[in-house]
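Hello,

Here is the structure I promised to pass on. My notes on the ligand site and the nonpolar cores follow it.

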Amino acid sequence: MQAFEFLTARDASAAITAGAKSSTAQQGASVRFVAGGTTLLDLMKLNVERPGQVVDINRLALDKVEPLAGGGLKIGATVRNSDLANHPVVQHDYAVLSQAILAGASGQLRNMATTGGNLLQRTRCMYFRDSAMACNKREPGTGCSAIDGANRTLAILGTSEHCIATNPSDMNVAMAALEATIHVQGVKGERAIPIADFHLLPGDTPQRETVLEPGDLITHVTLAPPARGNRSFYLKLRDRASYEFALASAAVVVTVEDGRIARARIALGGVGTKPWRSTEAEALLERQPVGEPAFRTAADEALRGARARSQNGFKIELAKRCLVHALKQATQTA
Ligand SMILES: Cc1cc2nc3c(=O)[nH]c(=O)nc-3n(C[C@H](O)[C@H](O)[C@H](O)COP(=O)(O)OP(=O)(O)OC[C@H]3O[C@@H](n4cnc5c(N)ncnc54)[C@H](O)[C@@H]3O)c2cc1C
Ligand code: SF4
């Protein structure tokens, strides 16, 4: 691991000023915030991340889950994944978020991992994590070892000729279905970014994963009040029952009225280069009678643009079945 300076931020503006000295907030950043450290420290040990300065943000007052005045929830950036998943309001009003977080990692990791860090966790593509291999995300312009290599776990939606890495987060998928808003404080002030606009497709700049600029600190995430009568569910399919990333996952939030879908929000994980919301599938579901035919039509639509590589073609049908099953689970008692 490269030597680095460790600073503890006592207020947000000190953290932002320190972060803004970096020329990028993306891969290759010379200054990095650290929260739980469960992504960052791993990558520093692998020499994938080599910041000269690491700014600890754990002393900032960003660790609360609070109700919003008009309804909805404010989740601080350093709220631990365990605390968020087990929060009574989250369990009751945003069950899909609790389920998604609890489907990830392990108890110990969730006790350390934070909301902000989870939003920014990096891909598990093995070539990205191996500094001996060509990887456009780690070293722009070097090529992508995965496209003709071991790509079984990688993305089929939102890929480019430069990168097919999957966004590995479970929490992000639920946040996408809940249409979360990410609040950022930076040198130019505060911004509220809908999660759909927060993560970027790889295109020809896979090293750039989000819209964050140097110094941008995620302060909190807000969730709108839950839709009346909604039911939600997160289903994660993976190679083993725990401590494993998704091959395919689905987060669904649906409202059923008189046996028909009145409102649907759908996001997929394990298959996209970013948390994959399908507004097209949502539109097809609305006003349809609850049942497998409508669910299957929506699943076909959600995967319509999928592009498989040599080893990950199985994910197309897997993701469709995952979505159909999640919709069945969410609607079966409605
Ligand atoms: C063995 C293992 C298994 C795992 N399995 C799963 C799994 O099944 N599902 C899953 O979803 N995840 C899984 N994870 C990933 C885990 O959820 C993430 O590592 C964790 O959520 C990252 O949060 P953190 O607070 O530790 O981030 P950190 O490592 O502290 O930070 C991650 C990144 O975010 C930046 N950052 C952190 N906070 C802020 C902020 N407030 N503002 C701006 N930038 C910030 C950091 O600079 C860094 O670049 C696993 C991790 C490990 C090690
Ligand atoms: S898929 Fe992306 S992260 Fe993986 S090797 Fe290719 S460029 Fe790198």
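The shell around ligand 1 is made up of 15 nonpolar, 12 polar and 6 charged residues (Ala, Val, Leu, Ile, Met, Phe, Trp, Tyr, Cys and Pro count as nonpolar, Asp, Glu, Lys and Arg as charged, the others, Gly among them, as polar). This is a predicted model, where local features need pLDDT of at least 70 and side-chain atom pairs pLDDT 80 or more, while totals for chains, interfaces and linings use all residues. Residues are numbered from 1 along each chain as written, chains are lettered from A and ligands numbered from 1 in written order, and side-chain values use heavy atoms, without hydrogens and water.

In total 33 residues surround ligand 1 (a heavy atom within 4 Å), and Phe33, Thr38, Thr39, Thr114 and Asp170 are the closest.

- Asp170 to a ligand nitrogen, 2.7 Å
- Lys236 to a ligand oxygen, 3.0 Å
- Gln121 to a ligand nitrogen, 3.2 Å

The protein buries 94% of the 980 Å² that ligand 1 exposes when taken alone (Shrake-Rupley, 1.4 Å probe).

The largest nonpolar core has 47 residues (buried nonpolar residues, Ala, Val, Leu, Ile, Met, Phe, Trp, Tyr and Cys, joined through side-chain atoms within 4.5 Å; buried is under 20% relative accessible area, 1.4 Å probe, protein chains only). Among the members touching the most others are Leu97 and Met175. A second, separate core has 30 residues, including Leu157 and Val252.

Regards

Note on methods. Buried means under 20% relative accessible area, exposed over 50%, partly exposed in between (1.4 Å probe, protein chains only). A polar contact is a pair of N or O atoms within 3.5 Å; within protein, one must be able to donate a hydrogen and the other to accept it, and residues adjacent in sequence count only if both atoms are side-chain atoms.
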